[in-house]
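Reader: I would like to go through the terms used for this model and see what each one rests on. Please set the values against the definitions.

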Amino acid sequence: MWLKKVFCIFATLFYPFSLVGGCYEGERVALMSFKSLLTDPSNRLASWKGENCCSWKGIECSSSGRVVVVNLRNPHPDEVMISINNQVISNSNNASDFALKGAISPLLFSLDHIQHLDLSFNNYVFSKLPVEISNLTKLTYLNLSNAMFQDSIDMQFSNLTSLRFLDLSCANLMLAHFYLFLSSPNLRWLEGLRNLRYLVITGVDLSKASESFHWAEPVSSLSNPILLRLSNCNISGRILIGQLLNLTSLSVLDMRSYILTATIPDMFSNLTALSVLDISGNDLDGHIPYLPQLEQLYVSNNPAMTIDLVSMFSASWSMLKFLDKSFTHVGGTLPPSLSNSTSVTFFQADGCSIQGSIPSSVTKLKKLRTLTLNDNNITGQLPVSMSSLISLRYLSLIQNGLRGYIPTSICQILSLEYLNLSYLSANKNNLNGNVPLSLLQKSRLDLTSVVILILVNKSLSGAILYWLFNLPDLSVLDLPMNNFEGVIPPTIQMKSSLFPSIVNLCRNKLQGHIPTQLENVNVIDLSLNNFVGSIPAQMGEIPAIRSIALSGNKIHGPIPESFCQSINVLQVLDLSNNRFSGIIPRSLGSCKSLIYLSLGQNKLTGSVPEELERVTSLRCLDLNGNEFECSFPTVIEKFQELEILNLAGNRFKGRIPKFIGDLNHLRILVLASNSFNESIPEGVMKLENLQLLVCPGTNCPVRFLRSMKD
């Protein structure tokens, strides 16, 4: 009996150290406590059961059975995103939410043999950084990035002297949001982390720390750092390169969006191990020193910076793969010597005032995958040898002065996924002629992976190709202001994506009927063509559609009652300049997201239905040129956001109500050519935002045009 009592006491005292089935019982209990406070929608922790925690997913143990790795990083942080239709978009077969959510059990930090801890891209609901983490003195790898912590970084990590990798970033780049949930009043907590090689604190608010001129000195205390990512940290001031010069082992330096104002120091060239330099999004001037070992250079959005490409590429940048210098000042031309940098795969120079033509030598860049030269002053023709760019996937040259024909050699670039040669103003690109059939024929150019296809021009012609509307990955088909002819298929299918799925065929010469089936289409614009027939009832039943523009066709019949019968997000409905007849359907009152409704220049009759009063977000209502015959629509009083109201050319009668003077956002008011029997209410003349007033009859003041304020 006595021996039994001794055994029980011994078992109780040494419970945390007992090894059960290859796993220490105390460590198993600690992990189960951690699990108990979390929700796990995708059952990532389903294997966390039984005695042997060393076999659980995300857990690794040493040969002695101690837990040394806890890796619970969200396995799909970049794949699971929400589309514009509020649909989950995922590259994986399982599109559910993979993020663990909840508080962190303090018992997790009793696992004092852990060397690798990764809790990134989960949701710890604005918890503070756990102070108990200082117990994990054997940690060499710690990743708490993008995990919804909210705290001030002080000395929580100063005891982790074995750390080689630390990521505390709180900037989800895939969603382009910089949360600044973490902050740090200074960086003195780095002074004890002398073994740190990789430091990522992107999106951590360092505005308070940067008030000190010597804020970066603790960084220089790191012995041999390889990677420093300090971007989007709310730091302002000068580049403190002097405090970083002893970091001769540094390979990656990221100081994006620091709001730094300085001349780029020549001392950058002393960082001879540097392979990636990102100083984009600042207010820097000067030139880039020669860094022959550099592989990636990002200097975009520094408007005061001048880059002489001729001088820059007079030397060999044989290692350079990525170059983004958009929205810096280049001037001059693209030098033929650019082709000497044969490793370049990404070249972006939008808005740089580049002049001259594209040198044919550019086509020697066999590894080039992305070329964007938008919004420059590039002239001449596209090189006929474009087919030599055998790796090219993305080509965009919009807003330039290109002339001539689109070379048929583009069709031989089998890797091409995105092509945009359009223009936005009359003095820009003027590429003309028929679209080369070989450019769009699947037999010559595989477009099955194309996501966006944009050809905006006034001269492209030929029959529209049916199969364009059913490409498996296409999300945007933008072919406006051309001379395309023929009919479009009854079914148009786009692929849902992070941005709106668009079909824009306005200002062509298309004929036939409106498609009866639209799949994953958010925006459709078929205006200014020659479409006939009636609107298919199915068009009004598409839940994800946000904009429908069919103006300027020959469509007739009633407006379908199917519009907005179900859950909808319709914001724009333009059916103007057609031959519609009948009444405005009451179902439009269910279009609660509607901001633009244009039914002008048709043959509509009756009155404006009272059900429209539910559309309180309406900003434009155009009913001009119809056959409405009733009193002034009182429902308009509910449209307090209204900016444009056009009731001209109808048979409205009676008095004009005083509430018009209460529509404070009104900019344009057109009431002419009706049968109103009273003058404009005095309050209308006092509307501060009113710019144009066209009144009925002789009781109205002269046409009133107020100068535009914005």
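**Cysteines, core and sheet**

Author: C564 is buried, because its relative accessible area is 3% and buried means under 20% (exposed is over 50%, partly exposed in between, with a 1.4 Å probe and protein chains only). The model is predicted: local features need pLDDT of at least 70, side-chain atom pairs count only at pLDDT 80 or more, and totals for chains, interfaces and linings use all residues. Residues are numbered from 1 along each chain as its sequence is written, and side-chain values use heavy atoms, with hydrogens and water left out.

Reader: What makes C564 and C591 a disulfide?

Author: The sulfur atoms of C564 and C591 are 1.7 Å apart, and a disulfide is a pair of cysteine sulfur atoms within 2.5 Å. The torsion about the S-S bond is 100°, and the link of C564 and C591 is right-handed. This pair links distant parts of the chain, 27 residues apart: C564 is in the loop between β43 (556–557) and β44 (572–574), and C591 is in the loop between β45 (579–582) and β46 (596–598). C591 is also buried, because its relative accessibility is 0%.

Reader: Why is C233 not counted in a disulfide?

Author: The nearest cysteine sulfur to that of C233 belongs to C170 and is 8.0 Å away, whereas the definition asks for a pair within the cut-off already given.

Reader: How many disulfides does the structure hold, and why is the one of C54 and C61 called left-handed?

Author: There are 3 disulfides in the structure. C54 and C61 are joined at an S to S distance of 2.1 Å, and the torsion about their S-S bond is about -95°, so this disulfide is left-handed. C54 counts as partly exposed because its relative accessibility is 21%, and C61 is partly exposed at 23%.

Reader: What is the S to S distance of C23 and C53, and are these cysteines buried or exposed?

Author: C23 and C53 are joined with an S to S distance of 1.9 Å. The chain positions are 30 residues apart, with C23 in strand β2 (residues 23–24) and C53 in the loop between β3 (38–39) and β4 (59–61). Both cysteines, C23 and C53, are buried.

Reader: How do you know that the span of α2 agrees with its length?

Author: α2 has 12 residues, which should span 16 Å at 1.5 Å a residue; its end C-alpha atoms are 16 Å apart, so the two agree. The expected span is 1.5 Å times one less than the number of residues. Helices (H or I, at least four residues) and strands (E, at least two) are DSSP runs numbered from the N terminus. Among the buried residues of α2 are A30, L31 and F34.

Reader: Which residues have the most contacts inside the largest nonpolar core?

Author: They are I636 and I660, in a core of 186 residues. A nonpolar core is a set of buried Ala, Val, Leu, Ile, Met, Phe, Trp, Tyr and Cys residues joined through side-chain atoms within 4.5 Å.

Reader: What makes β43 and β47 edge strands?

Author: The open sheet has 3 strands in the order β43-β45-β47, with parallel pairing. β43 and β47 (603–604) each have a single partner strand, so one side of each is left without a neighbour in the sheet. Two strands pair if DSSP finds at least two bridges between them, and 2 bridges join β43 to β45.
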